Amino acid sequence: MKKSAFLSIISLCCFVFVSACNDSPKLPESQSVPTVIPTIAPTPKPEVNCSQEQVDEYLDELDYTLEEWDDTYSIAVTTPRASVAPIIGELQDIKRNVRRIDKPECAEYISGIVVVAMESDINALISFLGKDSDSIVTRKMTGAKKAWEIVNGELDS
């Protein structure tokens, strides 16, 4: 999903939420209110040009870093609670490295959602380390999984 489409969906959801929460007074049955159907104009997409060489270099570096992330995360989720703190530190270092990768302008979006997915995993592990309830940890892990599904969808496209 492109950033502009994502923002449009968020805007629409906010509009629906605010509309549903509105406590407007009820009109007498004898009065009627004309129906207004809101329209949302599509957000124009910025034109960003990147050479295929720049994109390939970035994706190669990102792929290497994601492989490192996957290996470290696999260790974290199989490590006893008392020993997971140093591994969380390693994951935070990998996340910072993703932010530092030299990227073309057209890769800003994918870099951002990768960082969000990584932060989601890290937050779930911190909750686990902090002995939050199983339901909270599970909810955070489910959210992280959904974030990674978005990342994988973007990388596939």
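Ser 111 sits in helix H4, which covers residues 108–129; helices (H or I, at least four residues) and strands (E, at least two) are DSSP runs numbered from the N terminus. The model is a predicted one, so local features need pLDDT of at least 70 and side-chain atom pairs count only at pLDDT 80 or more, while totals for chains, interfaces and linings use all residues. Residues are numbered from 1 along each chain as its sequence is written, and side-chain values use heavy atoms, with hydrogens and water left out.

Is Ser 111 buried or exposed? With a relative accessible area of 4%, Ser 111 is buried (under 20% relative accessible area; exposed is over 50% and partly exposed lies in between, with a 1.4 Å probe and protein chains only). Setting aside neighbours within four places in sequence, Ser 111 touches Tyr 58, Val 98 and Lys 103, a contact being heavy atoms within 4.5 Å.

Of its 157 residues, 26% count as buried. Among contacts with a separation of 6 or more, 70% come from residues 24 or more positions apart. The accessible surface is about 11200 Å², with 56% of that belonging to carbon and sulfur atoms (Shrake-Rupley method, 1.4 Å probe; for residues, only the protein chains shown count as cover).

Now for the rings. The structure holds 2 aromatic pairs. Trp 69 and Tyr 73 make a stacked pair, at 6.3 Å centre to centre with 10° between the planes. To pair, rings of Phe, Tyr and Trp (its six-membered ring) need centres within 6.5 Å; planes under 30 degrees apart are stacked, over 60 edge-to-face, and the rest tilted. Both residues lie in helix H2 (residues 52–77), 4 residues apart, or about one turn of the helix. Trp 69 is buried at 1% relative accessibility, and Tyr 73 is buried at 19%.

Trp 69 also pairs with Trp 148, this time tilted, at 6.2 Å centre to centre and 40° between the planes. Because Trp 69 is in helix H2 and Trp 148 in helix H5 (residues 134–156), this pair ties together parts 79 residues apart in sequence.

Elsewhere, Arg 81 lies over the face of Phe 128, 4.2 Å from the ring centre (the cut-offs are NZ of Lys or CZ of Arg within 6 Å of the ring centre and within 35 degrees of the ring normal).
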